[in-house]
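This report describes a structural model, taking its sheets, helices, chain contact and backbone details in turn. Please consult the sequence and structure shown below while reading.

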Amino acid sequence: MAEPIVRAAGLEKRYGLRPVLRDVSFELEPGGALVVTGPNGAGKSTLLRLIGGLAAPSRGSLEIRTERRKVGFLGHEPLVYRELTALENLDLYGRLYRVPERRERIGMLLERFGLWEARHQRISSYSRGMTQRLALCRALLHEPDLVVLDEPHSSLDDEGLTLLDAELGTLAAAGKTLVVATHDPGRVASLATAHIDLERA
Amino acid sequence: MTAYLGDVAALARKDLRLELRARDTLPAMALFVVATLVVFHFALPAGASEDAAYGLLWVALVFTALLGLGRAWTPESEAGALDGLVLATSDRSAIWLGKALATLAFLLAAEVVALPAFALFFAPLDGPALLGVLLASVGICAVGSLVSAMAAAARGREVLLPLLFLPLAIPLVVGGVGSSISPEPGAYLAFLGLYDAVFAILSWAAFEYVVTE
């Protein structure tokens with residue numbers, strides 16, 4: 001059996017004295033899909049930030065067996081510059097991730113997520129759904145091994161949801177490891193190999 | 001090393017592009033420094049020494065820099081872009097260096113406006129004084145980009161930034177004023193160069209811890 005790509009043991013996160021995540025343990029094998037559910041405030045986003053390398057645990061251990069820059073992260077925020085265009089944002093991230101054949105990859109993602117026509121528009125003029133699509137392009141730009149998605153279905157219209165479901169299926173078929181926090185586990189049930197239901201700490 | 005410098009250049013270029021587009025920072029800095037010099041011109045009593053005027057120049061420059069630093073990380077905090085950069089850069093110090101270089105470009109541009117205005121209202125600056133301004137600007141942007149990143153992540157950023165930055169800027173004011181009025185400015189310029197080197201290395205090494213929760 002392959003070594004887990006993510007292994008968490010007794011994971012805790014506190015902000016000051018306030019615990020937001022308490023005693024979380026799990027293992028996720030390469031190519032698996034972990035679905036994280038729980039009520040608002042249960043620590044889903046915090047857990048994903050820990051896995052994404054954006055925060056350090058207050059207690060417990062978290063092993064991620066892939067390079068930090070081979071993680072693709074979609075958070076609540078789109079992690080883009082609102083006064084840059086979609087093309088400029090993705091070009092900046094493509095340079096930082098050193099994406100080979102950057103322009104072709106960016107063009108392909110923008111086409112796939114239906115943003116090609118709006119590629120020269122500033123993000124400040126995008127709708128929430130378009131911004132979420134761009135955030136997905138950014139998260140997947142560097143073809144990450146571990147894809148961490150926090151509420152990826154939020155703000156998407158029916159066409160966007162269909163595109164996302166197809167993309168998740170493609171990623172799973174390509175052997176990518178997925179961690180998805182969602183309030184709608186039914187949408188990713190067919191992909192899930194593991195499930196954590198968090199409770200408020 | 002080439003890849004690291006490529007990251008720094010891409011990040012600094014992004015800040016310049018954002019400023020050219022939004023014009024949020026540079027016009028505010030230029031207007032502020034000129035307005036401050038005008039106020040000082042009328043506030044300084046007739047017959048006051050030139051030394052006092054040089055001191056006021058440094059007050060104006062430090063507070064102009066503070067204005068720019070207060071806005072430096074605004075684009076990163078608007079849509080979580082700092083998290084995106086933290087994930088994407090192979091060495092997170094490139095984020096600090098890119099920001100420091102962009103802030104330096106804005107501060108130097110404001111000084112291009114401020115120094116002729118100072119010469120008009122008070123007295124021209126000689127070579128050592130100009131070199132002092134350049135060296136102090138490097139130090140201001142090196143340490144300022146670090147502490148403004150710390151302040152940007154905090155709740156009371158408007159209060160926290162001056163509290164963190166101004167004590168660290170005092171040596172730069174001392175060196176800057178010394179290089180402007182001393183008959184032997186060499187020691188002050190060397191002091192400014194040493195400050196720049198020490199604080200640039202400290203800021204470069206510390207930035208990783210500033211951007212990780």
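## The parallel sheet of chain A

Strand β3 (residues 33-37) of chain A runs parallel to strand β7 (residues 177-181) of chain A, and 4 bridges join the two. Within this pairing, Ala33(A) has Leu178(A) as its bridge partner in β7(A). The model is a predicted one, in which local features need pLDDT of at least 70, side-chain atom pairs count only at pLDDT 80 or more, and totals for chains, interfaces and linings use all residues. Residues are numbered from 1 along each chain as its sequence is written, while chains are lettered from A and ligands numbered from 1 in the order in which they are written. Helices (H or I, at least four residues) and strands (E, at least two) are DSSP runs numbered from the N terminus, and two strands pair if DSSP finds at least two bridges between them.

Both strands belong to an open sheet of 5 strands in chain A, with the order β5-β6-β7-β3-β8 and parallel pairing. The edges are formed by β5 (71-74) and β8 (194-197) of chain A; each has a single partner strand, so one side of each is left without a neighbour in the sheet. On average, neighbouring strands of this sheet are turned by 10 degrees against each other, direction ignored. Axes here are lines fitted to C-alpha atoms, for helices over the stretch in contact, and angles run from 0 to 180 degrees between N-to-C directions.

## The antiparallel sheet of chain A

Chain A also has an open sheet of 3 strands, in the order β2-β1-β4 and with antiparallel pairing. Here β2 (18-28) and β4 (59-64) of chain A stand at the edges with a single partner strand each, so one side of each is left without a neighbour in the sheet. Neighbouring strands of this sheet are turned by 25 degrees against each other on average, direction ignored.

Strand β1 (residues 6-15) of chain A pairs with β4(A) over 5 bridges in the antiparallel sense. The bridge partner of Val6(A) in β4(A) is Ile64(A).

## Helix packing

In chain B, the axes of helix α8 (residues 157-181) and helix α9 (residues 186-210) come within 8 Å and cross at roughly 150 degrees. That makes α8(B) roughly antiparallel to α9(B); angles under 35 degrees count as roughly parallel, over 145 as roughly antiparallel, 65 to 115 as roughly perpendicular and the rest as oblique. The crossing of α8(B) past α9(B) is left-handed, a term used if the near helix is turned anticlockwise from the far one by less than a right angle, with right-handed used if clockwise. Pro171(B), Leu172(B), Gly175(B), Gly178(B) and Ser179(B) in α8(B) meet Tyr188(B), Leu189(B), Phe191(B), Leu192(B) and Tyr195(B) in α9(B); residues are in contact if their C-beta atoms, placed from the backbone, lie within 7 Å. This contact has 7 nonpolar, 3 polar and no charged residues, where Ala, Val, Leu, Ile, Met, Phe, Trp, Tyr, Cys and Pro count as nonpolar, Asp, Glu, Lys and Arg as charged, and the others, Gly among them, as polar.

In chain A, the axes of α2(A) and helix α4 (residues 128-140) come within 10 Å and cross at roughly 20 degrees. The helices α2(A) and α4(A) are therefore roughly parallel to each other, and α2(A) passes α4(A) in a right-handed crossing. From α2(A), Ala86(A), Asn89(A), Leu90(A) and Tyr93(A) meet Leu134(A), Cys137(A) and Arg138(A) of α4(A). The residues of this contact divide into 5 nonpolar, 1 polar and 1 charged.

## Contact between the chains

Across the two chains, 24 residues of chain A are in contact with 22 residues of chain B. On the side of chain A that touches chain B, β5 and α2 (86-97) of chain A each supply at least two residues. The largest share of that side, 5 residues, comes from α2(A). By class, the side of chain A that touches chain B has 14 nonpolar, 3 polar and 7 charged residues.

## Burial and positive phi

Helix α1 (residues 44-52) of chain A is mostly covered, with 8 of its 9 residues buried. A residue is buried if 20 or more other C-beta atoms lie within 10 Å of its own, exposed if 12 or fewer, and partly exposed in between, with C-beta atoms placed from the backbone. Gly53(A), which follows α1(A), has a positive phi near 85 degrees.

Most residues other than glycine have a negative phi. Leu79(A), however, has a positive phi near 60 degrees. Leu79(A) lies in the loop between β5 and α2 of chain A and is buried, with 26 other C-beta atoms within 10 Å. Glu151(A), likewise not a glycine, has a positive phi of about 50 degrees. Glu151(A) is placed in the loop between β6 (146-150) and α5 (158-173) of chain A and is partly exposed, with 18 other C-beta atoms within 10 Å.
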